[in-house]
Amino acid sequence: MEITRGSRMLLTKVAKDIKSPVLDYGSKNGEIAVQMDCFFADHNIANKTDIDPVKCFYVSEINEVTTSFNTAIFTAQYSLEFNNMLIEEIMEVLPLKGELLIIISKNYTLNSIEILPWKWKVVAEDNDFTIISIVKSKHFTVNRDKYLEDFTVKTNNIPVDLITDPSIFSNRELDRGTKALLEKVELKEGPLLDIGCGSGVIGIVASKLIKGKITMLDVNLRALKWAEHNAQKNNTSDYETIPNQGFKELGRKNFYQTILSNPPYHSDYSVAKEFIEEGYKMLKMGGTMWFVVKKPNWYLKKFASVFGGVKLIEHDGYSIVYGEKRPIVKKEKEKKTTKKHQKRMESTKKRRI
Ligand SMILES: C[S@@+](CC[C@H](N)C(=O)[O-])C[C@H]1O[C@@H](n2cnc3c(N)ncnc32)[C@H](O)[C@@H]1O
């Protein structure tokens, strides 16, 4: 396994001095947990590791981890707010004198440490990475509520109350692409899947517009926690939330009338490809799949090849690409006959007459 440089620095320069038990919170593919043979936790179920499943916790928050540890290791993410929220959550569950080690990429996340409210010290450093340590003292306090956003959005004349945190896509307002999709989609009664549901806004609005079970699915357990909370807050009745990576073992062939998505962007389109190919199988005959995207070219080609046709609506700077599952009409193959074969057929016909 190739190890990212920040993790390697921790393993070579810091690991020998740390106090077990240790929990690695979300290193890439659990690479630190694999090398140290320690506990691993993450809220993204796509971040799979090769370590003993007994030592792995996929949780929406670290306080759901059912083992205690003296040291936690955290690789800082891109968003400052998101980092600080996760750091507070980790500090809260550490025992007194427990240590949090944070791996920070200087080009990516350095600012995070400049506003940390606790005493910290650098334990290792090179040109690209800094590893800092925070030890939990008895003066430690947290205020996790300050990260929560509580707001109301209005689309299709439907007000929706949402609570989110910085780990959620568009956590302060309704994304304009999502709004464009909701304004243009033509919904029919029947089961609907909101794939990559985030805060749950698409599924919640859809549930006010049509009858039928609403499935909200996401790979991020924090997103699902908020989708569940928001669905209840908005009195959504017939819904379910499913943690899943794409359509892995969903097993609902020919089930959904509608699939909607504001898909995550990945430059290789790997996730979108799975959503479209596997989603097609989950649609009923006559069912439709609607995606909202910024750049439609790849999606238009993909929908056309999977659905045998594609439509496009441009709205408010976004592209809504959609397709309908229709019966495949097989063209009758013309039977090829050689001249010799034709002559033989004709003479047999004559003989019969
Ligand atoms: C652009 S956000 C859209 C969120 C929400 N639907 C909205 O419109 O506000 C994409 C969502 O897809 C989720 N996601 C990314 N990869 C996924 C995968 N492989 N399977 C399921 N969900 C995924 C992300 O966690 C994120 O919540």
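## Ground rules

Residue numbers start from 1 along each chain as its sequence is written, and side-chain values use heavy atoms, with hydrogens and water left out. Because the model is predicted, local features need pLDDT of at least 70 and side-chain atom pairs count only at pLDDT 80 or more, while totals for chains, interfaces and linings use all residues.

## Around the ligand

Let's start with the ligand. It has 17 residues around it, and those that come nearest are Thr178, Gly196, Asp218, Gly246 and Asn262. A residue belongs to this group if one of its heavy atoms lies within 4 Å of the molecule. Sorted by class, the shell holds eight nonpolar residues, eight polar ones and one charged residue. Here Ala, Val, Leu, Ile, Met, Phe, Trp, Tyr, Cys and Pro count as nonpolar, Asp, Glu, Lys and Arg as charged, and the others, Gly among them, as polar.

A polar backbone atom of Gly196 sits 2.8 Å from a ligand nitrogen. For Cys197, the distance from a backbone N or O atom to a nitrogen of the ligand is 3.4 Å, and a polar backbone atom of Val219 is also 3.4 Å from a ligand nitrogen. On its own the ligand has 600 Å² of accessible area, and the protein covers 89% of it; such areas come from the Shrake-Rupley method with a 1.4 Å probe, and for residues only the protein chains shown count as cover. Two elements give two or more residues to the shell: β11 (214-218) and α8 (270-282). Helices (H or I, at least four residues) and strands (E, at least two) are DSSP runs, numbered from the N terminus.

Buried means under 20% relative accessible area, exposed means over 50%, and partly exposed lies in between (1.4 Å probe, protein chains only).

On one hand, β2 pairs in the parallel sense with strand β1 (residues 22-25) over three bridges; two strands pair if DSSP finds at least two bridges between them. Asp24 has Phe40 as its bridge partner in β2. On the other hand, β2 also pairs with strand β3 (residues 56-58), again parallel and over three bridges, and there Ala41 is partnered by Phe57.

## Strand β5, enclosed on both sides

Seven of the seven residues of strand β5 (residues 99-105) are buried, so this strand is largely enclosed by the rest of the structure. One face carries Glu99, Leu101, Ile103 and Ser105, and the other Leu100, Ile102 and Ile104.

Strand β4 (residues 71-75) runs parallel to β5, joined by five bridges, with Thr71 partnered by Glu99. Strand β7 (residues 129-135) runs antiparallel to β5 over seven bridges, and Leu101 has Ser133 as its bridge partner in β7.

Helix α6 (residues 201-209) is largely enclosed by the rest of the structure, because seven of its nine residues are buried. These are Val201, Ile202, Gly203, Ile204, Val205, Ala206 and Ser207.

Tyr322 belongs to strand β16 (residues 318-324) and is buried at 14% relative accessible area. Met289 is 33 residues from Tyr322 in sequence, yet their C-alpha atoms are 5.5 Å apart.

## Backbone spots to look at

The peptide bond from Ser20 to Pro21 is cis, with omega near -5°. Pro21 lies in the loop between α1 (5-14) and β1.

Ser170 is not a glycine, but has a positive phi of about 50°. Its place is the loop between β9 (158-164) and α5 (176-184), where Ser170 is partly exposed at 25% relative accessible area. Asn235, also not a glycine, has a positive phi of about 55°. Asn235 sits in the loop between α7 (221-233) and β12 (239-243) and counts as exposed, at 65% relative accessibility.

Technical notes
A polar contact is a pair of N or O atoms within 3.5 Å; within protein, one must be able to donate a hydrogen and the other to accept it, and residues adjacent in sequence count only if both atoms are side-chain atoms.
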